[in-house]
Each structure stands twice: as C-alpha cells, then as structure tokens.
Amino acid sequence: MGREREREVQQYTVEQLVAVNPYNPDILPDLENYVNDQVSSQTYSLSANLCLLRLYQFEPERMSTQIVSRILVKALMAIPAPDFSLCLFLIPERVQMEEQFKTLIVLSHYLETGRFRQFWDEAAKSRHIIEAVPGFEQAIQAYAIHVLSLTYQKVPRPVLAEAINIEGLSLDKFLEHQVVNSGWVLEKGNGRGQLIVLPPNEFNHPELKKNTADTVPFEHITRIFPILG
Amino acid sequence: MASFDYEDAPANSAVPASSQSHEVLGYDPNFVPDSVKSFAVHLYRHIREKNVYEIHQMYETSFQTLSERLFKDTPWPSVDAVAHYVDNDHVFCLLYREMWFRHLYARLSPTLKQRIDSWDNYCSLFQVVLHGVVNMQLPNQWLWDMVDEFVYQFQSFCQYRAKMKNKTEQEIALLREYDQAWNVYGVLNYLQALVEKSMIIQILEQEKEGLEQFTANDGYDYDGGSNVLKVLGYFSMVGLLRVHCLLGDYHTGLKCLLPIDISQQGVYTSVIGSHITAIYHYGFANLMLRRYVEAIREFNKILLYIYKTKQYHQKSPQYEQILKKNEQMYALLAICLSLCPQVKLVDETVNSQLREKYGEKMIRMQRYDDEAFAIYDELFSYACPKFITPSAPSFEEPLVNYNQDAYRLQLKLFLYEVKQQQLLSGVRTFLKVYSTISLGKLANYMEVDEPTLRTILMTYKHKTHAVDGDGKITSNADVDFYIDDDMIHVMESKSAKRYGDYFLRQVVKLEGVINDLDRIKLD
C-alpha cells in the first residue's frame, strides 16, 4: 500500500514536470526512471516519453539506447495509435540503424501491414527484447483483435489463431472466455471449421455507422440563439 | 551594439571581403537621414500615446517605404544613432533593434556576430515584457512578426550552425563561446514563459464562459492596460507548434495549439501570417499523424480563404510569403488526397486549382510505382517545414555539413509510410466496382494468394481508420467493406461533407446582411 502511494506521488510529479517544465535538461533522469516505471507497472505515457526523446535530441551524448529501446517497445504496444512512428521521428537515423532498432522497426512494419504470422515468427526470435517489457504479448493480441473487428463480421478460426498466436486447447479456452465476457459467438462454418462472430460495431456493420461527420457541437448552435430568439 | 560587420562577407555577395569598405557600399551606421529621424520621433510618440492605428500604419507602410527607398541593400541606421531622438528610451530601442535585425535578415545575410546580437536583443525584449513593466498597445501584426521572426531566426541559426565544413577558426571560436545564443532550450523556454506569464490559456478558457473579452477585442486592452504580453503569449502557442514541427515532434506541437479553437475565428485570424502559419503546421502535423481527413479539411478551408482574400494583400510585405505557403499547401493537399481519396471534402474552387497544379502528378502518385514515389518525394521535399537538428555540433569530430540530416529522416519515414500503403490503391479500385466479391476471386484479380489478400485487406482497414487525440477511431475510408467468412461486402460510402457548420455560418451571415439593410436610411 505504501509503495503504491509512493509510485502515485512519483507519477504525479513526473507528469506535472512534463506539463509545466518540459524544456529542462535536469528532468532527464526523472523521465528515464519513469520509463522503467512504465515498463514494470504496465502503464504508459506518450507525452513523457516524447519529452525524453526530445531531450535526447537536444543532448545526444546523454542518450541511453536501452531506454530508447524500451520507449519504442511501449510505443509499439500502443498500436493502432501511431506512437511508434511519432517516436521514430525523434530518433536520429544512425541510431535507428542499430540492430535492436532495426528489429523493432521490422516488427512494427509487420503489424502495420497486417502480417501477423511474420510478426510472431520474428518476435519469437527476439524474445530478449520482448520479454523485457511485461504485457507486450497481450497488447499485440488486443491490436490483432482490434483489426479483425474492423474487418470481419465473421472470421475463420485459423485466421484468428494466426493473428493472436494462440492455437489448440489454449485457443479454445481463450474463445470461451471471449464468448462469456466480450459477446463473441462461435458458429460452425460451412465445412471449413469454426467461424467466430465478432461483436458488431460501426466499422464492420454498415447499418451501425453513425454519420458523425454531420453532428454539430452544442456550443456552435448557441451562436445562433440570438438570431433564433 | 551591432555594427555592420565587413569581416564576414554576406553569403550572396560577389565582392570579396577584402575589397569591401564603408565607402564602397556607402553605409555609415551613424548617419540618420531626416526621414528616419522623423519616423523614429513619430513612432515613439504614437507608442507613448497608444495610437495603435498610427503605429500600425508606420510599422506596415512607412517602414517598408523607407526600406525600399533608402535601405534597399544596407541596414538601417544603428540604434545608437537614433536613440537620442527618442529620449534614449530603453524599450523603444529594443523595438527598433528588433526591426533593424529583421530588415537585415530579409535584405542581407547576417554574420554570426549579428545573429548572436539579435538573440541578445530578443532576450532583453522578452525579459522586459515578461517582467510586466511594458505599458504599450502594439498592433497584432507587429506582435505576430516578433514571434514569427524569433522562430525563423532560430531555424536559420540551426541551419547555419549545421554547415560546419567551411567554418573559419574565428566562427568556431565564437560559436563555442556564445553557446547560449539560439540554444534550443532558451528558445522553447522563452516561448513557454510568454504563454505561461500571459495566462493566455486560462484567459481563453474563461472566454468560453463569457468572463473574458480577449477575442472579441482582438486581443486589445480597452481598460488602459497593455496587450503586449497577452498577445505575445497567444502567438507563442503558434510559435511552439512551429518549433515542435521543426523538431519532428508533431504530437506535442498539436498539443501546444490546442487552446486555440481553429474551427472559429480568433486573434490568430486577425493577422494573415499567423493564420496561415497555424493552419499550415496544423495540417502538416496531422498529415504525419496519418489523420488525413483532418488535414484535408483544414487545408481546404485556408486555401479557399487565401483564394478569396489574397488580392487585398498584394501590397503588403507578406504577399510573397502568402503565395509561397499557398503553393506548399496545395502540394500537401495533393499528397493527402493521393493517400486518402476524399475528393468530396474539397471545395470546387480549390479542387480546380489543385487539378491545374497537380492533377497529372496525382494520377501518377496513385500508381504507387517507382515514379510515384519520386513524385511523393518531390512534393514532400518542396512543401515540408525546414527541419532542424537542435543539438550543437561536436567540435571535436571532423567538420561536416549535417544540415540536411533532420529533413532526410522525416522524408525517409514519410516515404516508408507511403510504401506501406502501396497495395491499398489496388484494393480501392476493385471495391469501387463490386458490391460483393469472394476472397478467392479478388485474390485472383490482384494476383496474390488468399492469405496475402487477407493481410492486404487488414492493412487497408488499419491505415484508413485513424486514431485521434482522444483514442477514438475514425474512418478515413472513402470506400469501405466488411468480410463474412470468405465473402467481401462493400459498404456504400457516406459523404463526409459537413452541412451543419455550413448552415450555421449562412444563418449568421444572413442575419448580418439583414441587420445591415435595416441600418440603411432611405432618403
């Protein structure tokens, strides 16, 4: 309980620093500690990490490639948000040429282009990078399900299995869990195995698509109240 | 005190440094023509009397006229020569020097010493403003120009410093000695300080509740106070957006602009330079964040605005810059629309201009072959901000030019993104033709196997569904689909054009017209 409060206070302080005094070389150690903290407590702060990458940009001698690597892994876990690219924009080209960063860029490329099988194969070869950050596997699986949910009303079992890298009995258990908690429905496909019916959303069901483009915020309507009145 | 230094010849001078002398170019920093004396005296008086309109006239017109007539390729008289006509007023001298350096940068090439002196002047000026002892009302145009020029000189310095190859011993010594000049921390912290000390963010918040009149008064203070700190703070938000874009930090740049509501008029639209700078960088940042629809919307709005209003700015000193940014934004719009074909979002006028300038190239960009990538490269390079490397060079290593590094990185990452979207254009073509199609059939047409097609379709979905600042997913897709097992169903595309805002604007406009009519007295 005491340790948690300590962490709470520390996080509050770092976030405050980033909001109030971000262009300050003295906060670099705090930001580095914060990255390690995000890794161990499975939290994430894009603003703080970008702040640190900027400071590295201002003073390249102080850059720690280990910290940068961890920032990139955390950013990759935030996909579909473009955080990984945002971080790359701030990292000098010659640093990006190093082996560990080339691997991460390849992994990102596979995820960006829906090549899940290649992703999991490559990730297996780079366990040391991946295992250093808890929650990585789950984050990517969540992304895989996200993309599948955008794309499919009904997805064949093998496609799902490849995307989330779970097979056989583990997959059965996983599906059971999703049926109970996330509204998934399992169907028997026409002779070719199981079909998973994903929950309907506006991206895989046209009738649910809200025409959000034409909603007008209330404050804008208030502009014409004097006229209507 | 800066003097026109002949030791370092301007870069574009054909005359070798050794043969230059005061007599040859006829510049005597201590000679004050009568017209300049008159200018200084009157400007000083108007500033003391807070005659904002007259100040604006003198700043915009008189200064330009005199520069054109008397100082076409020399600097203005030194501030020391002018000071005793204006009671040696400290603040006026800082303002005069700011204009002096701006003129120098525009017409000539600053030496390193002059760059450093200009930095010192900005520090003094901003410190005076931040200490809250300034009691002037200055025109928004001038206040915007200060922030704009400050960021420009920073960008210029970084470019200059990164060209180490031909630096003289003297220059290197000076750079090492004055390492605080145009230091990135300094620049960012001054802009940040102006934002904070002016409390502009809180003021804009309170304005929403009707507790402040900042925007309604165009930033001016009608209670006998000063508008300088508040408006500098306001424009510094745009300045911060620009600096962050130059560094490649688009996310933070957009955050800095957030307190300004760009869907409405505001103080940022009161000066065309600030309007264009804000939207140009906003659009560019959104492009790099893959929020193409947002970028297209804003580029469309401003390009239409420029089309309608540029005739009024023909005589202004900003005209050339306006035209340049206009062309650059058409290039960016061409890029956005090639990556995200949503032509319905573009106004007819803008569209026809776009077709004229880039119609041919846009067709070729959507082929995604080698030629296409060359065109993306060309347009991006033409239209992008002048990215900088903010860190000081290592003086130990061999001297090289690294001023292109930052630009090359941004370009590389941009083209990488374009490449990832290579196969989407093919998908789009087929989806437009079919209402349903089996995966097998489409795989055949696209000459890939089924698993690859599934991959491509998921890429399409991922790339066309952007994540906005709040984590919400919005579809950028002009044509969309869903898959049922092995059958693709194409979804009818809904127009993304906004009518609600348009109608609101027309209602307000009509009310304005009716009010005007009512006011006309018929004899």
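The model is predicted, so local features need pLDDT of at least 70, side-chain atom pairs count only at pLDDT 80 or more, and totals for chains, interfaces and linings use all residues. Residues are numbered from 1 along each chain as its sequence is written, chains are lettered from A and ligands numbered from 1 in the order in which they are written, and side-chain values use heavy atoms, with hydrogens and water left out. Helices (H or I, at least four residues) and strands (E, at least two) are DSSP runs, numbered from the N terminus.

**The sheet, strand by strand**

- Two strands pair if DSSP finds at least two bridges between them.
- Angles here run from 0 to 180 degrees between N-to-C directions, and axes are lines fitted to C-alpha atoms, for helices over the stretch in contact.
- β2(A) runs antiparallel to β3 (residues 194-197) of chain A, and 4 bridges join them. V185(A) faces V197(A) of β3(A) across that pair.
- β3(A) also pairs with β1(A), in the antiparallel sense over 3 bridges. Here V155(A) stands opposite I196(A) in β3(A).

**Where chain A meets chain B in the sheet**

- Which sense does the pairing of β1(A) and β4(B) take? It is parallel, over 2 bridges.
- Y152(A) has I483(B) as its bridge partner in β4(B). I483(B) also stands opposite I488(B) in β5(B).
- β4(B) and β5(B) run antiparallel and are joined by 5 bridges. Their hairpin has 2 residues between the strands, and D485(B) in it takes a positive phi near 65°.
- Are β1(A) and β4(B) mostly covered or mostly uncovered? In β1(A), 4 of its 5 residues are buried, and β4(B) likewise has 4 of its 5 residues buried. Buried means under 20% relative accessible area, exposed over 50% and partly exposed in between (1.4 Å probe, protein chains only).

- Contact means heavy atoms within 4.5 Å.

**Helix pairs in chain B**

- Two packed helices are described by the angle between their axes and the distance between the axes.
- α12 (residues 250-257) and α13 (residues 272-288) of chain B cross at roughly 140°, with axes that come within 9 Å. That makes α12(B) oblique to α13(B); angles under 35 degrees count as roughly parallel, over 145 as roughly antiparallel, 65 to 115 as roughly perpendicular and the rest as oblique.
- On the α12(B) side, the contact is made by Y250(B), L254(B) and L257(B), while the α13(B) residues include Y282(B), F284(B) and M288(B).
- The crossing of α12(B) and α13(B) is left-handed. A crossing is left-handed if the near helix is turned anticlockwise from the far one by less than a right angle, and right-handed if clockwise.
- α13(B) also packs with α11 (residues 228-247) of chain B, at an angle of about 40° and with axes 10 Å apart. That makes α11(B) oblique to α13(B), and their crossing is left-handed.
- Among the residues that meet there are F235(B), V238(B) and L241(B) in α11(B), with A278(B), H281(B) and Y282(B) in α13(B).
- α3 (residues 52-70) and α5 (residues 90-107) of chain B cross at roughly 55°, and their axes come within 12 Å. That makes α3(B) oblique to α5(B), in a right-handed crossing.

**Chain A overall**

- Chain A has 14 helices and 3 strands, and 51% of its 229 residues count as buried.
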